[in-house]
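Biologist: I'm new to reading models like this one. Could you walk me through it, one feature at a time?

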Amino acid sequence: MSIDLTSENNPNTVRKSGWLELVRKEDWLAVWIGLFLVLAGILFWTAGSSIKVLTAQITKWTDFPTLGSILSAHLGSIILLFLTFLILFSITASFLHIKIGKFAAGFTLLFIISVAVNLFSSWGWAQQYNLEAPLVALAIGLIVGNLIPLSGWFSSALRTELYVKVGIVLLGATLPFTLIIQAGPIAFLQATLIAVITFLVIYFAGTRWFGLDKYFAATLGVGGSVCGVSAAIAVGGAIKAKKEHVSISISIVVIWAVATIFLLSLLIKWLGIPAGPAGAWIGTSEFADAAGVTAASAFGDHALNSFTLMKVIGRDIFIGVWAFILAFISITFWEKKQTGTKADASEIWHRFPKFIIGFFAASILLTVVIAATSVSGRAVISTDVIAPIKEFRTWAFTFTFLSIGLTTRFKELTSFGWRPFAAFSTGAVVNIILGYVLSVLILHNFWASL
């Protein structure tokens, strides 16, 4: 995996402050893209139209003449979809100081591959064997990324974190806020148990069994207990962990995140677990948002909703909390004198994943619009606003899955030795078992009926 520790992903980068954060941080830019698309959907609807003209809803096909007809009928929509994403992401790239020309060229290729993936997944034969777009995109990305060297201009468009954050904001528009309130306490309680137990297992195994230093073990522990990549970066900066330890933690998270996509998907199908508990188990035991979305998407919207409530709302909010707690412990107990990051309450806000705010905003916005509409009008909103937003979300996640595969290098991931991997794996096994017990056995009825 090519680890990006530049700009906001670098623990040693000086933090941008004030209003500049709103246009210089990837989290906020993802929020603006997601909310722009949601607002566009509402505005089109109030004008008597629909943004579905901008989406490419590729239908099932069984033979090549049918495929040709589908492409002919959707060509204009595919082009509009491409232009919409290209403009929005290119503007974002300029704010992130990425060369727009290279990004645009790379994104064009990424979009073409995404179209091919969605066409393949819409094939009757592929649907017969449950070859969903997320898994197909990931598999293609892993094969291509590990066999063919990628040019720099293409790599500049593989913005995994940006795409998944936009997708999660859009997901909020398809998840009523009343449902979030209903599931919130359960998701938070389950997430708390998972976060605390997994962290302690990895930290104890790392420091006591495998001889890792406290900073390294803490970074690994948070990577496994909360939101892998983002948590490792955030906490690594908060406690002043070594740069290479943050990179190693990210690499291990990626290995387990990719492996867990296939492991949990196979176990869920083999055990016949319903979509709700399946999504909750994935949300409890996946180690990265993008990878979790990949796995949950294969089981439908119900699984994706419970995954989001468990992972994004339940676990991701702990990033800021862990950063604050561990920064305080590092300064107070681990360091001889107070230097670097200070343990104050503002640390929670600075490390808090801002795209979650966009998720809630999108959910509240659509909930208010639906509540102010007649019963007959709500059906129109479902088809003309929510359905197209789901299409935008699906495409954003497809970009995510391809980017994960294309940036994962198995050769590089074997270079960090066995002890950090063993420590993380100890906690990962405990996490997966505990996730099954909580999601499928203890809270099965809750997640199934949500």
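Biologist: What does the protein average for pLDDT?

Modeller: pLDDT is the predictor's confidence in each residue, from 0 to 100. The protein averages 78, and 76% of the residues score at least 70. Among its elements, helix α4 (residues 100-121) has the highest mean pLDDT, 90, while helix α17 (residues 346-351) has the lowest, 61. Over residues 1-15 pLDDT stays under 50, and the model has 37 contacts beyond four places in sequence for that stretch. Where pLDDT is low, the predicted coordinates should not be read in detail.

Biologist: How many helices and strands does the secondary structure come to?

Modeller: Helices (H or I, at least four residues) and strands (E, at least two) are DSSP runs, numbered from the N terminus. Here you get 21 helices and 0 strands.

Biologist: How do I read two helices packed together?

Modeller: Two packed helices are described by the angle between their axes and the distance between the axes. Axes are lines fitted to C-alpha atoms, for helices over the stretch in contact, and angles run from 0 to 180 degrees between N-to-C directions. Under 35 degrees counts as roughly parallel, over 145 as roughly antiparallel, 65 to 115 as roughly perpendicular and the rest as oblique. Take helix α2 (residues 26-46) and helix α8 (residues 160-173): their axes come within 8 Å and cross at roughly 40°. That makes α2 oblique to α8.

Biologist: Which residues of α2 and α8 meet?

Modeller: From α2, they include Ala30, Val31 and Leu35, and from α8 they include Leu162, Val166 and Leu170. The residues of this α2 and α8 contact divide into 11 nonpolar, 1 polar and 4 charged. For those classes, Ala, Val, Leu, Ile, Met, Phe, Trp, Tyr, Cys and Pro count as nonpolar, Asp, Glu, Lys and Arg as charged, and the others, Gly among them, as polar.

Biologist: At what angle do α2 and helix α18 pack?

Modeller: α2 and α18 (residues 355-371) pack at about 15°, with their axes 8 Å apart. They are therefore roughly parallel to each other. Trp28 and Trp45 are among the α2 residues in this contact, with Phe355 and Leu365 among those of α18. By class, the contact of α2 with α18 has 14 nonpolar, 1 polar and 1 charged residues.

Biologist: Is Thr198 buried or exposed?

Modeller: Buried means under 20% relative accessible area, exposed over 50%, partly exposed in between (1.4 Å probe, protein chains only). Thr198, in helix α9, counts as buried because its relative accessibility is 0%. Leaving out residues up to four places away in sequence, Thr198 touches Gly224, Ser225, Gly427 and Asn431. Leu193 also lies in α9 (residues 177-209), but at 38% counts as partly exposed. Across the protein, buried residues make up 56% of the 450 residues.

Key. Residues numbered from 1 in each chain as written. Predicted model: local features only at pLDDT ≥ 70, side-chain atom pairs only at ≥ 80, totals over all residues. Heavy atoms only, no water. Contact = heavy atoms within 4.5 Å.
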